[in-house]
Amino acid sequence: MSQLITGNIELSEALSANWESKRELIEELAKDIHAHPELSFQEHRAAANLTAMFAQQGFVVTEGICDLPTAFEASVGTGNLVVGICIEYDSLPQVGHACGHNLIAGASIGAALSLAPLVDELGITLKAIGTPAEEHGGGKVLMLERGAFDGVGLSLMAHPMHEGRTSNPLGTSTQAVGRFKAMFTGQAAHAAAMPHRGVNAADAATLSQVAIGLLRQQLPDTHRVASFIEEAGHVTNIIPDFSVVHFEVRAFELEEYKQSLEKVRRCFEGAALATGTTLEFEATEPLYEPVVQDELLASFWNDAMAARGNDVSPVDPRDSSGGSTDMGNISQVIPSIHPMFAVPGATAPVHSAGFTASANTEAAYKVMTDAGLSLAATVGAAVLADRDRFIFAAYSRG
């Protein structure tokens, strides 16, 4: 390898120079994503802009991979170690980029562009992987199943968070989450003339939510259950014969998740038994698995973030803020990191309109730069330190 990348200082300087040469482009793309929020699987503008940019920058681009119109791969280099940098760009309903996916995209784009001139010297194939539908739909889960990560030996991305959160991923994880709908079927009847002939599906929906509320006392502190009623009747003079309740269950360990899910299912089953309705369950999204942080990658990320003045003090591994990501499924089978980076001035929680505003400030784009350069530095350091391990870890569905 050349003298350029034989030391961390030289590598850091090269990455910083590469970023600076593309800074305006990186920030322009991130700001455009924020200004035009698109929901899961509908991120057509973001995907089109990003694929056009990567093509212009010399990457080999494949659009609509894995039968997902807004997924893509942009590749450069021919080395025998394949590095996957994940890009997210979907938003939330009503509140837009309240999870800061514009910053995730910017950090990942910048990391890819900073590494691109060095791929031959590093001996890597660099893949910028556009992954839609993180908020809802499990885009990465589908892409993993359909081959987008075949051959990838290490994968990474970074996620913004509220002010004061450490950027240290060591010892941290995310919650597994499964999302479902429960459908009760009863018997319609006139609510005044013949209510006794009816079987009230709305009552079943109400009873299930009461039961879940009582169950929470017996659930571990780090577990989460949330639900809402999508349908439970339309007029007052008809006994509702159908109702739908959407729900999710979260836990940091897969086995604990399964145990709590079974308890929640019994709440619905009890409601069906009490009301005489029939019950069906349907999974509405793929299971998101907990994140496994690769310790070596995490240590290199910490070094890079600390060098840029960011807090990397240890974090409580069971941070009560919780949260889930489909990056967890990638990390279960490929050495990965999914660290956080704190946005200065962001006092509102993620998934709120306040955080949407915080994700579009100069302070946010400054720390996005720190995160992107740290992702790039992590790749470079990992390649130099333990190349063979990551080659051996290349993912295969077989």
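# Exercises on a predicted model

Lys 127 touches, leaving aside residues up to four places away in sequence, Glu 73, Ala 74, Ser 75, Val 82, Val 83, Gly 84, Ile 85 and Asp 150, where a contact means heavy atoms within 4.5 Å. The model is predicted, so that local features need pLDDT of at least 70 and side-chain atom pairs count only at pLDDT 80 or more, while totals for chains, interfaces and linings use all residues. Residues are numbered from 1 along each chain as its sequence is written, and side-chain values use heavy atoms, with hydrogens and water left out.

**Exercise 1.** Locate Lys 127 in the secondary structure and decide whether Lys 127 is buried or exposed.

*Solution.* Step one: Lys 127 lies in strand β4, residues 124-130; helices (H or I, at least four residues) and strands (E, at least two) are DSSP runs, numbered from the N terminus. Step two: buried means under 20% relative accessible area, exposed over 50%, and partly exposed in between, with a 1.4 Å probe and protein chains only. Step three: the relative accessibility of Lys 127 is 14%, and therefore Lys 127 counts as buried.

**Exercise 2.** Work out the strand order of the open sheet of 4 strands, and explain which strands stand at its edges.

*Solution.* Step one: two strands pair if DSSP finds at least two bridges between them. Step two: the order is β8-β9-β7-β10, with antiparallel pairing. Step three: β8 (224-231) and β10 (278-283) each have a single partner strand, so they stand at the edges and one side of each is left without a neighbour in the sheet. Step four: taking β7 (residues 176-185) and β10 as an example, 6 bridges join these antiparallel strands, and Thr 185 stands opposite Thr 278 in β10.

**Exercise 3.** Classify the ring pairs Phe 180 with Phe 247 and Phe 268 with Phe 281.

*Solution.* Step one: rings of Phe, Tyr and Trp (its six-membered ring) pair if their centres lie within 6.5 Å, planes under 30 degrees apart counting as stacked, over 60 as edge-to-face and the rest as tilted; by this rule the count comes to 8 aromatic pairs. Step two: Phe 180 and Phe 247 are 5.4 Å apart centre to centre with 25° between the planes, which is a stacked pair. Step three: Phe 180 lies in strand β7 and Phe 247 in strand β9, so the pair ties together parts that are 67 residues apart in sequence. Step four: the ring centres of Phe 268 and Phe 281 are 5.8 Å apart with planes at 90°, so this pair is edge-to-face.
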